[in-house]
Amino acid sequence: MFAILLGDDGAELRPLEPWNAEEYLTHLDRSRDHIGRYIGLADAATDLDSARAFLQSYADKTAADGGRIYGIWLDGTLVGGVLFRTFDAPAGTCEVGCWLEESVVGRGLVTRAIRVLIDWAVNDRAIYRVEWLADSANAASIKAAKRLGMARDGVLRGSYARGGGRRDIEVWSVLAPDWRKHRETSARG
C-alpha cells in the first residue's frame with residue numbers, strides 16, 4: 001500500500017479498501033450526522049457488512065477504471081476521504097467528491113487531497129473535465145470548489161431527496177487547461 005503525505009501536519013492520503021471496513025465504519029459512526037447532513041455516504045454503511053460492501057463496490061470500480069476511493073488519515077486515524085465518484089477516461093471526464101469528520105474541518109485536508117486527485121487525473125490520465133457536485137446549502141463544499149479554481153456551471157434544482165425534502169445541487173467544474181493555470185498561479189503566490 002502507499003501513502004501520500006498531504007503536508008507536515010501528519011495527514012496522509014491512502015487507498016480505502018474493503019479490509020479497512022471496520023475502521024471506516026468506526027470513522028463514520030464518530031461523525032455520521034455531520035457527514036450525512038448533505039450527502040448519502042453515511043447511509044451506505046451502517047454496519048460492518050454494508051461498510052465492507054460499499055468499499056468493495058469502489059474496489060470493483062477501481063478494477064474497472066470507473067472510480068476510486070481514498071481515506072484521509074490524520075496522525076494514524078481515518079478522519080475523512082475523497083473519491084472519484086465517476087471516472088471515464090475515454091470520455092475525459094470524472095467527478096470528485098469528499099467527506100470529513102466535523103472535528104477536523106477547516107484544516108485544508110479536503111483541498112490538499114482533492115488537489116492530488118485532480119493532478120493525477122489531469123496529468124497522468126488526460127482527464128479534461130473534473131466535476132464537483134455540492135448541495136447548494138453546503139457552503140463549505142462550495143468554498144472548497146472555489147479554492148480548487150472551479151467554475152460554477154449551474155444548479156440542478158430539486159435534484160435529489162435528502163432530509164425529508166428535495167435539494168438543489170450545484171455543478172462546479174475545472175477543465176484541464178484551467179487546472180494547469182490555477183496550479184501554476186497558486187504555486188507562485
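How many bridges join strand S5 (residues 93-100) to S6, and do the two run parallel or antiparallel? Four bridges join them, and the strands run parallel. The views below come from a predicted model.

**View 1. S5 and S6 are parallel neighbours.** Thr93 marks one point of this pairing: its bridge partner in S6 is Arg129. Helix H3 belongs to the picture too. Together, S5, H3 and S6 make a β-α-β unit, and the unit is right-handed. In general, strands of a sheet pair through backbone hydrogen bonds, in either a parallel or an antiparallel way.

**View 2. S6 also pairs with strand S8 (residues 165-175).** Here the strands run antiparallel. Seven bridges join them.

**View 3. Eight strands form an open sheet.** The pairing is mixed. The strand order reads S1-S2-S3-S4-S5-S6-S8-S7. Strand S1 (4-5) and strand S7 (151-162) are the edge strands, because each pairs on one side only. Ile4 stands opposite Leu13 of S2.

**View 4. Helix H2 packs on the sheet.** H2 touches S3 and strand S4 (77-88). The direction of H2 makes about 125° with that of S3. Helix H3 lies across S1, S2, S3, S4, S5 and S6. Relative to S4, H3 runs at about 30°.

**View 5. Asp65 has a positive phi.** The angle is near 60°, in a residue other than glycine. As a rule, most residues other than glycine have a negative phi. Where does Asp65 lie? Asp65 sits in the loop between helix H2 (48-63) and strand S3 (68-74). The relative accessibility of Asp65 is 25%, so Asp65 counts as partly exposed.

**View 6. Ala126 has a positive phi as well.** The value is about 60°, although Ala126 is not a glycine. Ala126 lies in the loop that connects helix H3 (109-125) and strand S6 (129-135). Is Ala126 buried or exposed? Ala126 is exposed, because its relative accessible area is 61% and exposed means over 50%.

Terms used. Residues are numbered from 1 along each chain as its sequence is written. This is a predicted model: local features need pLDDT of at least 70, side-chain atom pairs count only at pLDDT 80 or more; totals for chains, interfaces and linings use all residues. Side-chain values use heavy atoms; hydrogens and water are left out. Buried means under 20% relative accessible area, exposed over 50%, partly exposed in between (1.4 Å probe, protein chains only). A crossover is right-handed if, with the strands pointing away from the viewer, the path from the first strand over the helix to the second runs clockwise. Contact means heavy atoms within 4.5 Å. Axes are lines fitted to C-alpha atoms, for helices over the stretch in contact, and angles run from 0 to 180 degrees between N-to-C directions.
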